[in-house]
Amino acid sequence: MYDLHDNIKVARSISPLTQTNDSTAIVGQIVDHQGYDSAEYIIPYGAITDANVTLVTLLEEGDDAALADAAAVADADLLGTEVGATPLFTDDNKTFKLGYKGTKRYTRLTITPASNDAGAISVGAVCALGHPRLAPQSTQKT
């Protein structure tokens, strides 16, 4: 079996949360890609209890550390699609993924619910940074 452990860094994007009766955008942390040549966002969902809710997944990129230059990632720089990484209200307890192959230093994931007025959304997200320019990456806590 190959060693994935020493060849990735996992960065927190969205701390696990349950958003109840609220359609406020869930904005992830800015992830710094310096020293890595690949990235995969992993987005696990728990219960999605509002039958009217719709969700939109957005990945932004930029070279400014605060993402003052944030722009939506072009489809050509995604592995998978934002629509494919977006659950329906019937997708309880499923995990989605969205890859990034662009050239910008920073990315940020945002999940925006609409009509989340009678239920809850449980979600979190991490970004697995891979193909390090300097390996092994043995740090377990980031």
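**Core**

I looked up the largest nonpolar core and found 26 residues in it, with I43, Y45, L59 and I111 having the most contacts inside it; such a core is a set of buried Ala, Val, Leu, Ile, Met, Phe, Trp, Tyr and Cys residues joined through side-chain atoms within 4.5 Å, where buried means under 20% relative accessible area with a 1.4 Å probe, protein chains only. Among the elements that give two or more residues to this core are β1 (8-20), β4 (36-48) and β10 (120-132), and β4 gives the largest share, six residues. Strands here are DSSP runs of E, at least two residues, numbered from the N terminus.

I noted that this is a predicted model, in which local features need pLDDT of at least 70 and side-chain atom pairs count only at pLDDT 80 or more, while totals for chains, interfaces and linings use all residues. Residues are numbered from 1 along each chain as its sequence is written, and side-chain values use heavy atoms, without hydrogens and water.

**Sheet**

I traced an open sheet of five strands in the order β1-β10-β4-β8-β7, with antiparallel pairing; two strands pair if DSSP finds at least two bridges between them. β1 and β7 (78-79) stand at the edges with a single partner strand each, so one side of each has no neighbour in the sheet. Between β4 and β10, which run antiparallel, I found eight bridges, and Y45 stands opposite V123 in β10.

Definitions and conventions: Buried < 20%, exposed > 50% of the residue type's maximum accessible area, 1.4 Å probe, protein only. Helix = DSSP H or I, 4+ residues; strand = E, 2+ residues; numbered from the N terminus.
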